[in-house]
Structure formats: C-alpha cells, structure tokens
Amino acid sequence: MITCGSRSAQLPLRIPDLTEEKILAGLTEIKPSAFQKSSWIREIIIPEGYTKIGERVFFKCINVVNVTLPSTMKHIGPQAFEGCRKLQNINLDHVEIFGQESFKNCGKLSTLNLTRAVTIGAAAFNRCYQARIVSNSNRVDIGVERGGVEGGGVDRGEVERGEVD
C-alpha cells in the first residue's frame with residue numbers, strides 16, 4: 001500500500017522503498033497506469049532500486065512539476081509522462097530506453113541529458129517546446145517515423161550532441 005497524504009494537502013508522492021525480497025523477486029517496476037490522471041500529484045520521488053516505469057504510469061498527471069528518479073532507473077515506458085504539461089524538472093541521466101510518446105506534450109521541460117539513451121521511441125519528446133536535448137545520437141536508435149528526438153520530435157526544441165561519461 002502507498003500512503004500519499006490527503007489529496008487536499010498535495011504532498012509529494014513517495015514510492016515506497018524496495019525491500020531486498022522484492023528486488024530478488026524482480027519487483028522493480030511501477031506497473032502500467034498506476035497513477036494516470038491523478039491531478040493531485042505535484043512531485044514524484046522514486047527511490048533507488050526501481051528500474052522501470054511502465055506504460056502510462058503518470059499519464060496526464062497534469063499538475064506534476066518535479067520528478068526525482070533513482071540512478072537505477074533504466075526504462076521509461078510508452079506514454080509514461082505524456083500530458084504532464086507542468087513537468088519542469090526530471091533527471092534522465094541514467095535512463096537508456098524511452099518508450100514512444102513517453103514525454104509527449106510536456107511543454108515545460110527544459111534541458112534533458114539523454115547521453116545514456118540507447119533507444120528513444122517515436123514522438124518521445126514531441127511538443128516539448130522548451131526542451132534542449134543533449135544526446136549522443138551516434139549510438140541512439142531514434143524513432144523518427146513519428147518524431148523521436150530528431151525528425152520533429154521536440155518540434156522547436158534544440159538537439160545537440162553530448163559525450164558519454
């Protein structure tokens with residue numbers, strides 16, 4: 001069970017820590033659609049140990065502004081944060097896989113470090129108008145048929161090459 005406080009208090013959503021038993025059992029993913037359309041969420045804090053955010057987990061959580069991801073996070077599923085229009089701050093430094101439309105319509109995102117990305121799905125950052133994306137596009141499989149990062153994916157955003165540490 002997750003305790004998040006009352007909806008009127010609008011406290012941060014703190015995903016519970018993983019126990020050693022849960023990690024050994026492979027329970028390191030936030031399951032699909034878990035919090036979709038939860039307009040009461042303003043901040044999300046995910047602790048170490050989680051490796052994947054499933055499809056549509058935070059879809060249209062329209063009031064989310066800040067997300068703290070652990071260094072263990074490697075995969076963000078399709079439409080996971082789509083429609084989080086107020087989302088400004090999220091650290092994607094360790095994420096390797098971005099599902100299609102994972103951040104579509106997140107128009108307030110600014111600088112995003114995608115230098116560890118291996119796969120960026122179609123339209124992953126579509127309509128992220130303020131985004132300045134740093135990527136190592138020589139090693140990334142970018143879904144361009146509907147716009148990933150390049151090919152119209154960030155619309156008027158900026159893409160530049162970075163270096164992998």
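These legends go with a handful of close-up views of a predicted model.

Residues are numbered from 1 along each chain as its sequence is written, and side-chain values use heavy atoms, with hydrogens and water left out. Because the model is predicted, local features need pLDDT of at least 70 and side-chain atom pairs count only at pLDDT 80 or more, while totals for chains, interfaces and linings use all residues.

View 1. Q79 sits in the loop between β6 (75-76) and β7 (89-90); strands here are DSSP runs of E, at least two residues long, numbered from the N terminus. With a relative accessible area of 15%, Q79 is buried (under 20% relative accessible area, with a 1.4 Å probe and protein chains only). Its side chain makes a polar contact of 3.0 Å with that of E101 (a pair of N or O atoms within 3.5 Å; within protein, one must be able to donate a hydrogen and the other to accept it, and residues adjacent in sequence count only if both atoms are side-chain atoms). Setting aside residues up to four places away in sequence, Q79 touches E55, R56, F59, Q100, E101 and S102 (contact means heavy atoms within 4.5 Å).

**View 2. R56 over a ring.** Here R56 lies over the face of F59, 3.7 Å from the ring centre. For Arg, that takes CZ within 6 Å of the ring centre and within 35 degrees of the ring normal.

**View 3. Rings that pair up.** The structure holds 6 aromatic pairs (ring centres within 6.5 Å; planes under 30 degrees apart count as stacked, over 60 as edge-to-face and the rest as tilted). One of them, F35 with F58, is stacked, at 5.6 Å centre to centre and 5° between the planes. F35 lies in the loop between β2 (29-30) and β3 (43-45) and F58 in the loop between β4 (52-53) and β5 (66-68), so this pair ties together parts that are 23 residues apart in sequence. F98 and F103 form a tilted pair, 6.4 Å centre to centre with 55° between the planes, and both are buried. Ring pairs link F35, F58, F81, F98, F103 and F125 into a cluster.

Key: Helices (H or I, at least four residues) and strands (E, at least two) are DSSP runs, numbered from the N terminus. Buried means under 20% relative accessible area, exposed over 50%, partly exposed in between (1.4 Å probe, protein chains only).
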